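Have a look at the picture first, and then read on.

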Amino acid sequence: MQALPDVIGPGLRVLFCGINPGLMSAATGHHFARPGNRFWPALQLSGFTPRQLKPAEQSELLEYGLGITNVVDKPSARADELTRAELVAGGENLVAKVLELQPEWLAVLGVTAYRDAFADRTAAIGKQDRTIGTTRVWVLPNPSGLNAHYTLPKLAEAFAELRRVS
């Protein structure tokens with residue numbers, strides 16, 4: 001059973017893919033629910049949404065052609081608690097989901113998780129050469145508050161680069 005239901009529908013412009021649900025997200029049933037997570041502010045600041053949605057408003061993403069899923073369904077306190085085998089298996093499941101949904105873009109939130117899930121050690125933030133069926137792939141920085149490499153403005157700019165091409 002999936003710990004946190006996907007926010008998905010037909011005709012998605014961008015399917016955002018987190019690494020795995022945090023404990024608060026699993027408890028509340030809402031993606032990116034921890035207050036320190038910068039996913040929702042980055043979506044708004046980058047222009048994907050006209051206002052900052054609350055995690056409980058996640059279903060409104062569908063109105064903007066956006067969705068959310070995860071590489072791994074298993075909740076954990078930190079993404080680094082996942083094994084490489086869990087990420088690889090999650091990557092295989094994600095490919096099947098993307099082939100079924102056919103979003104225009106898959107945006108994986110976390111370059112290290114992407115590298116492990118798709119066995120692509122050279123992947124960097126931005127557009128990837130890989131496609132999944134007709135779906136193009138983009139890697140964004142992990143919006144977790146634990147990712148100190150990206151301030152909110154830098155994170156929003158990375159999201160905005162994808163918005164401009166999607």
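The accessible surface of the protein chain comes to about 7,900 Å², and carbon and sulfur atoms account for 53% of that area. Please keep in mind that what you see is a predicted model.

**The chain as a whole**

How many helices and strands does the protein chain have? There are five helices and five strands.

Of the 166 residues in the chain, 49% are buried. Contacts also tell us about the fold: among those between residues at least 6 apart in sequence, 70% join residues at least 24 apart.

**The largest pocket**

Rolling a probe the size of a water molecule over the atoms shows where empty space is left. In this model, the largest pocket holds about 980 Å³ of space. It is lined by 40 residues, and those closest to its centre are I19, A79, N142, S144 and L146. Helix 1 (23-28) and helix 4 (111-117) are the elements that give two or more residues to this lining. Which element gives the largest share of the lining? That is helix 4, with four residues.

Now let us visit some single residues.

| Residue | Loop between |
|---|---|
| F32 | helix 1 and helix 2 (39-45) |
| L61 | helix 2 and strand 2 (66-70) |
| Q102 | helix 3 (84-101) and strand 3 (105-109) |
| A123 | helix 4 and strand 4 (126-132) |

Start with F32, which has a positive phi of about 55° although it is not a glycine. Is F32 buried or exposed? Its relative accessible area is 12%, under the 20% cut-off, so F32 counts as buried.

Q102 also deserves a look at its backbone: its phi is positive, about 50°, and Q102 is not a glycine. With a relative accessibility of 52%, Q102 counts as exposed, because the cut-off for that word is over 50%.

L61 has a relative accessible area of 0%, so it is buried. What does L61 touch, leaving aside its neighbours within four places in sequence? It is in contact with W40, L43, T49, L53, L66 and I68. As for I132, it is 71 residues from L61 in sequence, and the two C-alpha atoms are 22 Å apart in space.

A123, at 2% relative accessibility, counts as buried too. Apart from neighbours within four places in sequence, A123 is in contact with V111, Y114, R115 and Q128. Between A123 and F39 there are 84 residues of separation along the chain, and their C-alpha atoms are separated by 21 Å.

**Looking back**

You could begin with I19, one of the residues closest to the centre of the largest pocket, and then move to Q102, which is exposed.

Conventions: Residues are numbered from 1 along each chain as its sequence is written. This is a predicted model: local features need pLDDT of at least 70, side-chain atom pairs count only at pLDDT 80 or more; totals for chains, interfaces and linings use all residues. Side-chain values use heavy atoms; hydrogens and water are left out. On a 1 Å grid over the protein atoms alone, a cavity is a set of points where a 1.4 Å probe fits but cannot get out, and a pocket is an open set with protein on both sides within 12 Å along at least five of seven lines; lining residues have an atom within 4 Å of a point. Grid points are joined across faces, edges and corners, and a volume is the space filled by probe spheres set on the points. Buried means under 20% relative accessible area, exposed over 50%, partly exposed in between (1.4 Å probe, protein chains only). Contact means heavy atoms within 4.5 Å. Accessible areas come from the Shrake-Rupley method with a 1.4 Å probe; for residues, only the protein chains shown count as cover.
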